[in-house]
Amino acid sequence: MIRSKIFLLFFLCTGLLCQDLNAQRKQSFKLSKPEAQGVSSEGILNFVNAVEKSKSELHSFMLLRHGKVVAQGWWNPYAPGLKHTLYSCSKSFTATAIGFAVSEKLVSVNDKVISFFPDQLPDSISTFLSELTVKNLLTMSVGQEPDPTGSVVSNDTNWVRSFLALPILYKPGRKFLYNSLATYTLSAIVQKVTGQKIIDYLKPRLFDPLGITGMDWEIDPKGINTGGWGLRLKTEDMAKFAQLFLQKGRWKGKQILPAAWVEEASTMKIIQHPELEQSKIDASDWEQGYCYQMWRCRHNAYRGDGAFGQYMVVMPDQDAVLAITSETPDMQEVLNMTWQYLLPAMQNDKLPKNKKSVATLNKKLVSLALPLPAKNDILADTAIAVKKFIFQSNSKLVQSISFSLADNICTVNLATDTATYALQFANDHWQQATTSRRGPYLVAGAKAVYAGLPALQTAGMYHWKDKNTLALTLRYIESPHTEFITCRFEGNTITVDFESSLNVGGKKVTLKGERQM
């Protein structure tokens, strides 16, 4: 018994850099003290402290040097075993599926896009459409303007046909415009030539060799993976992908992905805004050039990234990778902190041991947690006990809401025109649960949105702002986003505000209901 306790204490002090012991024991990467890999633990601590003072809300990070994890952490209630919505980091995986298809001679980057979809073509094929290649899709140089993604995925069920029918204003390959529908079309091409969705095509080629499990990926109304978004992976899986690219496609001594493709996919193909003055280019990680569904960074790095701060950063000069999940209103801010604190923390040689700094860093990393909702001493739980409120027709499709309390858990039963959702909240910790109710999402308006995904993981807390105002915080912990529901009780009426972290301070939906007597 004593030996077990000593071993556990040793493990915590020397290697455990997150809250989940079991997840760490199963982790693929070896752990190392930062200084042993030439990284200052004090520099990592400065990065974490800067993050927590910034506008950005990090959910996790994993820093590898020389193939070993030197620091990692998850801000509770996020945890190592949870997947996280990658948004446009998905694009890098779609491009990699193209890379495998190229290596298997199923497709060429010079193939014409229309050659894959003879039955989806418009009646009139323009010169520019006839010239459009797979490479133009990979480099976001289709020539369409504006980005058609939002309009097409929200209004049509045949996204390939709609994409091909859109006018191309500029000669393909000449002008950069971020276009997620172009990435979706890459996914459709892979499915066309392989007969498999890209998630299935990648499984034996990428996911299985890297030990990536539990991944899922949204599909469109035709059963095609969305490609440009919709993939969900764990933080460690993101780090594995970045490490694979750092190693030029090799994994455990085996060439998983051709080195030539890694080089081709990670080098600059087009400049986003060549007209910008040099000082603006030098200050931005979005103006260093675009590759194959990845971005060049300052400091000779490159990355996959996704909306609201999902990053897979590859730093060849430092032999390092950084994976981050987060929700941030300023994606450049996170990269700025990376270059300000982590980059100078990495030296060419091992650094002297620094037990005090390592201990401080470890203590910090095992205690990472997002701020809890504000609490006060008001005891008003009886105000919501066994009450049900009815709503008239509304944009949220909410028909009724009721509350129940048991063992300090508040269950909010939210009935819509299609289902009733039992959402759980605690008043002193994050209450974890699952729900089929879909949370805030950047592409929530897309046809077949969330198709292919299971029930979502949530973490909820409640508190009273005053004796009549109940505040509910519902984190969708496999995504960047959070929903805020505020209930105000006045006699037999209730006013409910719905707001999300996607638009805090902006548009919110307010409903008014009457108590069922």
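**View 1. The largest nonpolar core comprises 107 residues, and those with the most contacts inside it are F93 and F403.** A nonpolar core is a set of buried Ala, Val, Leu, Ile, Met, Phe, Trp, Tyr and Cys residues joined through side-chain atoms within 4.5 Å; buried denotes under 20% relative accessible area, exposed over 50% and partly exposed in between, with a 1.4 Å probe and protein chains only. Another core, of 46 residues, lies apart from it and includes A50, A345, M346 and L368. The model is predicted: local features need pLDDT of at least 70 and side-chain atom pairs count only at pLDDT 80 or more, whereas totals for chains, interfaces and linings use all residues. Residues are numbered from 1 along each chain as its sequence is written, and side-chain values use heavy atoms, with hydrogens and water left out.

**View 2. Surroundings of F93.** Not counting residues up to four places away in sequence, F93 touches L86, L202, L206, F207, W217, L231, L233, F241 and M312 (contact: heavy atoms within 4.5 Å).

**View 3. Helix α11 spans residues 235-246.** Helices are DSSP runs of H or I with at least four residues, strands are runs of E with at least two, and both are numbered from the N terminus. From first to last C-alpha, the 12 residues of α11 reach 17 Å, close to the expected 16 Å (1.5 Å times one less than the number of residues). Because 12 of its 12 residues are buried, α11 is largely enclosed by the rest of the structure. K248, which follows α11, has a positive phi near 55 degrees.

**View 4. Q120 in the loop between α4 (90-103) and α5 (127-131).** With 17% relative accessibility, Q120 counts as buried. Its side chain is joined to that of N158 by a polar contact of 2.9 Å (a pair of N or O atoms within 3.5 Å; within protein, one must be able to donate a hydrogen and the other to accept it, and residues adjacent in sequence count only if both atoms are side-chain atoms).
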